[in-house]
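User: I have just opened this one and would like to be walked through it. Could you start with how the helices are arranged?

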Amino acid sequence: MNQKEIFQVETEYDGERIDKFLSLIYPSISRTGFQKLIGEGQVLVNEEKVKKNATIHFEDEIEVLIPEAVPVAVEPENIPLDILYEDNDIVVINKPKNMVVHPSAGHLSGTVVNAVLYHCADSLSGINGSIRPGIVHRIDKDTTGSLIICKNDTAHTSIAEQIKEHSCDRIYVG
């Protein structure tokens, strides 16, 4: 069943982009996911459809209709991982070029998630659901680099908060 919620914008979010605001309210759905819902008319501001990059203002009324999740079976695959670090809370891997991080249209297998499901079995954070278990951040298919995968919700919440607050460093080399 679809989930419908209506709420008013607090003063601290005045001037915020709608997609960014909604991803703060619903951390299990990405900004891209909300942009899709906005484009489909599933998000209304003051009872009107808005553009994906609309800004919200104090006391705006936001109505969000989140469709029921469609389960997608993501199968574990025995794909070798280049593990840089691992403990009871996280796994840090070196993601190779041409490997997609999580399943999506056209990439249902051969992803980091498929490999991590095999490696970690049932020891992954469930915060991002069955499509992105343990995934806190991603990097593009053609990009190599370190990727943090969380084995539990406590680690996931902590690392996601550090990334959000910029209290940890991510270094990009071109």
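Analyst: This is a predicted model, and in it helix α1 passes helix α2 in a right-handed crossing. The contact between them is made by I18, D19, K20, L22 and S23 on the α1 side, and by R31, F34, Q35 and I38 on the α2 side.

User: What classes of residue make up the contact of α1 with α2?

Analyst: Sorted by class, the contact of α1 with α2 has four nonpolar residues, two polar ones and three charged ones.

User: And at what angle do those two helices pack?

Analyst: Helix α1, which covers residues 18-25, and helix α2, which covers residues 31-39, pack at an angle of about 120 degrees, and their axes are 8 Å apart. That angle makes α1 oblique to α2, because roughly perpendicular covers 65 to 115 degrees and roughly antiparallel begins over 145.

User: Let's zoom out. How many helices and strands are there in the chain?

Analyst: The chain has four helices and seven strands. Read from the N terminus, the order of the elements is β-α-α-β-β-β-β-β-α-β-α.

User: What does the chain span along its principal axes?

Analyst: The C-alpha trace spans about 50 × 35 × 30 Å along those axes. The accessible surface of the chain comes to about 10700 Å², and carbon and sulfur atoms account for 49% of that surface.

User: How much of the chain is buried?

Analyst: Of the 174 residues in the chain, 35% are buried. As for contacts, among those with a separation of 6 or more, 61% are between residues 24 or more positions apart.

User: How far apart are H156 and L24 in space?

Analyst: Their C-alpha atoms are 15 Å apart, while in sequence H156 and L24 are 132 residues apart.

User: Switching to P80, which loop is it in, and is it buried or exposed?

Analyst: P80 lies in the loop that runs between strand β4, residues 61-66, and strand β5, residues 83-86. With a relative accessible area of 73%, P80 is exposed, since the cut-off for exposed is over 50%.

User: And what separates P80 from S30?

Analyst: The two are 50 residues apart along the chain, and 28 Å separates the C-alpha atom of P80 from that of S30.

Definitions and conventions. Residues numbered from 1 in each chain as written. Predicted model: local features only at pLDDT ≥ 70, side-chain atom pairs only at ≥ 80, totals over all residues. Heavy atoms only, no water. Axes fitted to C-alpha atoms, helices over the stretch in contact; angles between N-to-C directions. Parallel < 35°, antiparallel > 145°, perpendicular 65-115°, else oblique. Left-handed = near helix turned anticlockwise from the far one by under 90°. Contact = heavy atoms within 4.5 Å. Nonpolar A, V, L, I, M, F, W, Y, C, P; charged D, E, K, R; others polar. Buried < 20%, exposed > 50% of the residue type's maximum accessible area, 1.4 Å probe, protein only. Areas by Shrake-Rupley, 256 points an atom, 1.4 Å probe, with all protein chains shown as cover.
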